[in-house]
Amino acid sequence: MSGAGAGVVEAKLAELGLTLPEVVPPLAAYQPAVRSGVYVYTAGQLPMVEGKLTLTGKVGAEVTAEEAKDAARICALNALAAVKSVAGDLDRIARVVKVVGFVASASDFTGQPGVINGASELLGAVLGDKGVHARSAVGVAVLPLDAPVEVEIQVELVG
């Protein structure tokens with residue numbers, strides 16, 4: 001997906017050793033991203049690579065916080081792919097407005113903010129000041145397909 005429309009943001013991804021993946025197809029009745037005016041809202045993105053979850057289970061039980069943080073990074077990369085699918089070019093991002101992260105957590109796990117830092121840090125590394133955002137990090141009992149983490153983003157586009 002990094003051919004036509006590749007610009008500064010995708011060059012930064014490449015510099016970081018990352019490639020923008022194909023958009024993850026919806027698992028149910030929704031769109032991966034929707035544009036409304038100058039905003040793009042993504043659906044929750046799971047840590048899918050080439051159509052498969054990278055790991056499953058609850059954070060603090062079967063999945064370590066560090067593994068989940070890496071998974072949140074993959075979720076953010078998938079969210080950027082979803083944004084590009086409706087914006088046409090990631091260089092149109094004026095800023096990331098909000099990130100919402102869900103962490104499937106063992107009952108005693110309280111490190112959700114650290115897990116979702118994986119997504120926040122990726123967005124900052126790729127977008128610089130445009131990647132600074134408001135955020136929620138929420139612990140939940142279970143996520144689709146037994147994923148350990150799910151991330152959605154909202155971005156504002158340049159006019």
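Trainee: How many salt bridges does the structure hold?
Mentor: Three. A salt bridge here is a side-chain nitrogen of Lys or Arg within 4 Å of a carboxyl oxygen of Asp or Glu. This is a predicted model, where local features need pLDDT of at least 70, side-chain atom pairs need 80 or more, and totals for chains, interfaces and linings use all residues. Residues count from 1 along each chain as its sequence is written, and side-chain values use heavy atoms, without hydrogens and water.

Trainee: Which residue meets K84?
Mentor: E10, at 2.8 Å from N to O. K84 sits in helix 2 (residues 65-87) and E10 in helix 1 (residues 8-15), so the bridge ties parts 74 residues apart in sequence. Helices are DSSP runs of H or I, at least four residues, numbered from the N terminus.

Trainee: Are K84 and E10 buried or exposed?
Mentor: Both are buried. Buried means under 20% relative accessible area, exposed over 50%, partly exposed in between (1.4 Å probe, protein chains only).

Trainee: What does K12 pair with?
Mentor: E15, with the closest N and O atoms 3.0 Å apart. They are three residues apart in helix 1, about one helical turn. E15 is exposed at 60%.

Trainee: And which residue does K69 meet?
Mentor: E121, at 3.2 Å, N to O. K69 is in helix 2 and E121 in helix 3 (residues 112-127), so this pair links parts 52 residues apart in sequence.

Trainee: New topic. How many aromatic pairs are there?
Mentor: One. Rings of Phe, Tyr and Trp (its six-membered ring) pair if their centres lie within 6.5 Å; planes under 30 degrees apart are stacked, over 60 edge-to-face, the rest tilted. Y39 and Y41 are tilted: 6.4 Å between centres, 40° between planes.

Conventions: Helices (H or I, at least four residues) and strands (E, at least two) are DSSP runs, numbered from the N terminus.
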